[in-house]
Amino acid sequence: MDLEILLYDGFDELDAIGPYEVFRNGAQEGADLSTRLVTLDPRETVTASHGLRVGVDGTLGSPDVVLVPGGGWGDRAEASAWAEYDRGAIPDALASAHERGATVATVCTGGMLAAGAGILDGRPATTHHVAHDDLREVAAFVDARVVDDGDVLTCGGVTSGLDLAFHVLDREFGTEIRDRVARRMEYEPSEDVYRG
């Protein structure tokens, strides 16, 4: 399975790096999974919301799963999920990826970028608490850490990205690999998963 994490200036560090570590550990534990950090346009680095500069592996391709982090929605920052929602390029890319058959996974207010793509219309979904009201305008809001609606997965804020990543490992590669990664990372994945 090819998985790409789509970064942009102002993304929340843990939204992307937490799942990245889970997925990379999953591959080391035997999951047939490649994970890349990507952007829409060619560049070498992206600056996250707390100033961390992250190198990228390339541009968005045609992955089986595209994961998009959130960040800065509540602040309406110039570099943020809010700004990317307003620009529209990432929502358009997510819509295209989904139309091609990719599963779209979102962490935190990355869910609002999927909402901007029209992917969440009428579907069960969740996001960070600062965007609950915004999400309710388009989706069937669910109060859960992770919401699995088949080809769309969403999760709450920041640390719930770890739970989403562990859920993906369990769903795609089985409980044994998920549990080995959880032991390696000394993390107890949440069972608060809504399945649509």
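Strands β1 and β2 (residues 34-39) pair in the parallel sense over five bridges, where two strands count as paired if DSSP finds at least two bridges between them. Helices (H or I, at least four residues) and strands (E, at least two) are DSSP runs, numbered from the N terminus. The model is a predicted one, in which local features need pLDDT of at least 70 and side-chain atom pairs count only at pLDDT 80 or more, while totals for chains, interfaces and linings use all residues. Residues are numbered from 1 along each chain as its sequence is written, and side-chain values use heavy atoms, with hydrogens and water left out.

Within its pairing with β2, L3 has T35 as its bridge partner. Between these two strands the chain passes through helix α1 (residues 13-28), and this β-α-β crossover is right-handed; that is, with the strands pointing away from the viewer, the path from the first strand over the helix to the second runs clockwise. Strand β1 is also joined to strand β6 (residues 65-68) by three bridges, and these two strands run parallel. In β6, the partner of L3 is V65. Because four of the five residues of β1 (residues 2-6) are buried, this strand is largely enclosed by the rest of the structure. Here, buried means under 20% relative accessible area, exposed means over 50%, and partly exposed lies in between (1.4 Å probe, protein chains only).

Two packed helices are described by the angle between their axes and the distance between the axes. For α1 and α7, the angle is about 115 degrees and the axes are 9 Å apart; axes are lines fitted to C-alpha atoms, for helices over the stretch in contact, and angles run from 0 to 180 degrees between N-to-C directions. The crossing of α1 and α7 is right-handed, a term used if the near helix is turned clockwise from the far one by less than a right angle, with anticlockwise giving left-handed. On the α1 side the contact involves E21, V22, N25, G26 and Q28, and on the α7 side I177, V181, R184 and M185, contact meaning heavy atoms within 4.5 Å.

The cysteines come next. The structure holds zero disulfides, a disulfide being a pair of cysteine sulfur atoms within 2.5 Å. For C108, the closest cysteine sulfur is that of C155, at 7.7 Å, which is too far for a bond. C108 is buried, with a relative accessible area of 5%, and C155 is buried too, at 0%.

Several loop residues complete the picture. Most residues other than glycine have a negative phi, and most peptide bonds are trans. V158, in the loop between β11 (152-155) and α6 (160-173), has a positive phi near 45 degrees and is partly exposed at 25% relative accessible area. The phi of E186 is also positive, near 50 degrees. This residue sits in the loop between α7 (175-185) and β12 (193-195), and its relative accessibility of 74% makes E186 exposed. E137, in the loop between α5 (132-136) and β9 (140-141), is likewise exposed, at 67%. By contrast, G88, in the loop between α2 (81-87) and α3 (89-99), counts as buried at 15% relative accessibility.
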